[in-house]
Amino acid sequence: MSIRKLAAGNWKMNGLTAQLTEAMALAAAHPQPDLDILICPPATLLAPMATAMTGTSVAVGGQDCHAAEKGAHTGDISAAMLSDAGASHVILGHSERRADHGESSADVAAKTQAAWAAGLIAVVCLGETETQRDAGETLSVIGAQLAESLPEGATAENTVIAYEPVWAIGTGRTPTEEQIAEVHAFLRKNAPDAGIRLLYGGSVNPKNAATIFAIADVDGALVGGASLKAEDFGAIVTALQNA
Ligand SMILES: O=C(CO)COP(=O)(O)O
């Protein structure tokens, strides 16, 4: 089975209007890529970025949504609102949200349902902490997160899974190729649909991208810091295209 690759950027809490030019430069540099490109900017930039990316190769996504359709949830954003602003995807269960906002895998599953109901593709994040890896618990942690974060009905069309070891995020440290291969093989075998795209995330940069993309069952990347600059993210897109 051939799986279409996905280069996804997570801008996290970075980016003002002036940085829309980075997305525009990325789109201009990759007019007809043989893969999917996604940028998930902060919510404030969703609508203007979606407008700027209309007719380009770059899709736009949110970084979180509420599990409820609407209502009295000050400061939150519903999946329908993301879609209305031009998003096609939403990142859910990022470790920063699990840590900063106490999100459980059950919360992530409820948000995933909400995303699907609004027609969004859910990019569901999983990953072990360094303590868990050191204790030899990586696959059991990933297995539990996978089972509990994905509701019934996950398919290659509505879901992407991102493996992001917590200790590799923003640290410049990456797992060994064997460690990434082991988790991705586990995810391929245990995901509800073998066609679900499996992204690796955590300190991906233009220098290590080609090595990471050569690993079996890595269908792309979820890139943080290096997705903020068109030049860096563009080099990662090119590495994925050439993998
Ligand atoms: O958390 C990440 C993407 O969601 C990875 O972040 P960095 O690429 O900055 O390590």
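The questions that follow take up some labels and the values behind them. This is a predicted model, in which local features need pLDDT of at least 70 and side-chain atom pairs count only at pLDDT 80 or more, while totals for chains, interfaces and linings use all residues. Residues are numbered from 1 along each chain as its sequence is written, and side-chain values use heavy atoms, with hydrogens and water left out.

Q: Why is Leu 187 called buried?
A: The word buried means under 20% relative accessible area, exposed means over 50%, and partly exposed lies in between (1.4 Å probe, protein chains only). Leu 187 has a relative accessible area of 1%, and therefore it counts as buried.

Q: Which residues does Leu 187 touch, not counting residues up to four places away in sequence?
A: With contact taken as heavy atoms within 4.5 Å, Leu 187 touches Leu 126, Ile 142, Leu 146, Ile 161, Tyr 163 and Leu 198. Leu 187 itself is found in helix H8, residues 177–190, where helices (H or I, at least four residues) and strands (E, at least two) are DSSP runs numbered from the N terminus.

Q: How do you know that Cys 40 is in no disulfide?
A: A disulfide is a pair of cysteine sulfur atoms within 2.5 Å, and a search of the whole structure finds zero of them. For Cys 40, the nearest cysteine sulfur is that of Cys 125, 9.1 Å away, so Cys 40 is in no disulfide. Cys 65 is in no disulfide either, since the nearest cysteine sulfur, that of Cys 40, is 12 Å away.

Q: What makes Cys 40 and Cys 65 buried?
A: Cys 40 has a relative accessible area of 0%, and so it is buried; Cys 65, at 0% relative accessibility, counts as buried too.

Q: What span is expected of helix H5, and how far does H5 reach?
A: The expected span of a helix is 1.5 Å times one less than its number of residues. Helix H5 (residues 105–117) has 13 residues and reaches 18 Å from its first C-alpha to its last, which is close to the 18 Å expected. Among the buried residues of H5 are Val 108, Ala 109 and Trp 116, and what covers the buried residues includes helix H7 (138–149) and strand S5 (121–126).

Q: What makes a space a cavity or a pocket?
A: On a 1 Å grid over the protein atoms alone, a cavity is a set of points where a 1.4 Å probe fits but cannot get out, whereas a pocket is an open set with protein on both sides within 12 Å along at least five of seven lines; lining residues have an atom within 4 Å of a point. Grid points are joined across faces, edges and corners, and a volume is the space filled by probe spheres set on the points. A search of the whole structure finds one cavity of 30 Å³ or more, and about 40 Å³ of space lies in the largest cavity. The largest pocket has a volume of about 550 Å³, and Lys 12, Gln 63, Asp 64, Arg 97 and His 101 lie nearest its centre.

Q: How do the residues that line the largest cavity divide by class?
A: Ala, Val, Leu, Ile, Met, Phe, Trp, Tyr, Cys and Pro count as nonpolar, Asp, Glu, Lys and Arg as charged, and the others, Gly among them, as polar. By that rule, the lining has seven nonpolar, one polar and two charged residues.
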